[in-house]
Amino acid sequence: MLDERVQLAVQLFHEAYIRQMQGELDLAADLYKQSIHLYPTPEAYTFLGWTYRFQGKIEAAIEECKNAILIDPTLGNPYNDIGAYLIEMGKPEEAIPWLEKAIASKRYEAYHYPWCNLGRAYTTLDMFSRARECYQKALQIEPDYVPAQQALAKIHVVVQ
């Protein structure tokens, strides 16, 4: 019975992702919730949060990321997402510890994201040399990451 629930949860998760990418955010959110009801995973909570962010529900997005962390504190994505959401909310100081946790996480496939977001937080705080270090670290990990390239170029213009 559990295997069937897990399989259905995975199917719902994949369908939710497709709907999310198609811009059908209400349907995507419903499908993620159904997936979570059957078999909660940190990925489903994180992606539900991402959907809420696209809907402008930043506080709800943060709560879903916190749910993801409760299930698997080793997954870096929800920490990074919380940090990014806090930056969007104009709270870069609060974002920094979350982004540092994302960088330190054991399970993450894209460590350049939290490094770049940490650079964004420091840029917002006018801490340009720290921001530059973060953008450089992001580019060491992913040399073709355009947002880090662009941010680093702007830093070079500001700090000369």
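A: Let's begin with a definition: helices (H or I, at least four residues) and strands (E, at least two) are DSSP runs, numbered from the N terminus. By that count, Ala68 belongs to helix 4, residues 58–71. The model is predicted, so to speak from sequence alone: local features need pLDDT of at least 70, side-chain atom pairs count only at pLDDT 80 or more, and totals for chains, interfaces and linings use all residues. Residues are numbered from 1 along each chain as its sequence is written, and side-chain values use heavy atoms, leaving out hydrogens and water.

Q: Is Ala68 buried or exposed?

A: Buried means under 20% relative accessible area, exposed over 50%, and partly exposed in between (1.4 Å probe, protein chains only). Ala68 has a relative accessible area of 0%, so it is buried.

Q: Which residues does Ala68 touch?

A: Contact means heavy atoms within 4.5 Å. Setting aside residues up to four places away in sequence, Ala68 touches Pro42, Tyr45, Thr46 and Pro78.

Q: How should I read the span of helix 3?

A: The expected span of a helix is 1.5 Å times one less than its number of residues. Helix 3 has 13 residues and should therefore span 18 Å; its end C-alpha atoms are 19 Å apart, which agrees. Within helix 3, the buried residues include Pro42, Tyr45 and Thr46, and these three are also touched by Ala68. Also buried there are Ala44, Leu48, Gly49, Thr51 and Tyr52.

Q: Where does a positive phi turn up?

A: Most residues other than glycine have a negative phi. Asp126 is a residue other than glycine, yet its phi is near 60°. Asp126 lies in the loop between helix 7 and helix 8 (128–141), and it is exposed, with a relative accessible area of 54%.

Q: What lines the largest pocket?

A: On a 1 Å grid over the protein atoms alone, a pocket is an open set of points where a 1.4 Å probe fits, with protein on both sides within 12 Å along at least five of seven lines; lining residues have an atom within 4 Å of a point. The lining of the largest pocket has 22 residues, and Asn77, Asn80, Asp81, Tyr108 and Tyr113 lie nearest its centre. Helix 3 (42–54), helix 5 (77–88) and helix 7 (112–124) each supply at least two lining residues, and helix 5 gives the most, with 6.

Q: Which residues are in contact with Asn117?

A: Asn117 sits in helix 7 and is buried, at a relative accessible area of 10%. Apart from its neighbours within four places in sequence, Asn117 is in contact with Asn80, Ala84, Ile87 and Leu99.

Q: How many disulfides does the whole structure hold?

A: A disulfide is a pair of cysteine sulfur atoms within 2.5 Å. The search finds 0. The sulfur of Cys65 is 18 Å from the closest cysteine sulfur, in Cys116, which is too far for a bond. Cys116 is in no disulfide either, as the nearest cysteine sulfur, that of Cys134, is 9.2 Å away. Both cysteines are buried: Cys65 at 0% and Cys116 at 4% relative accessibility.
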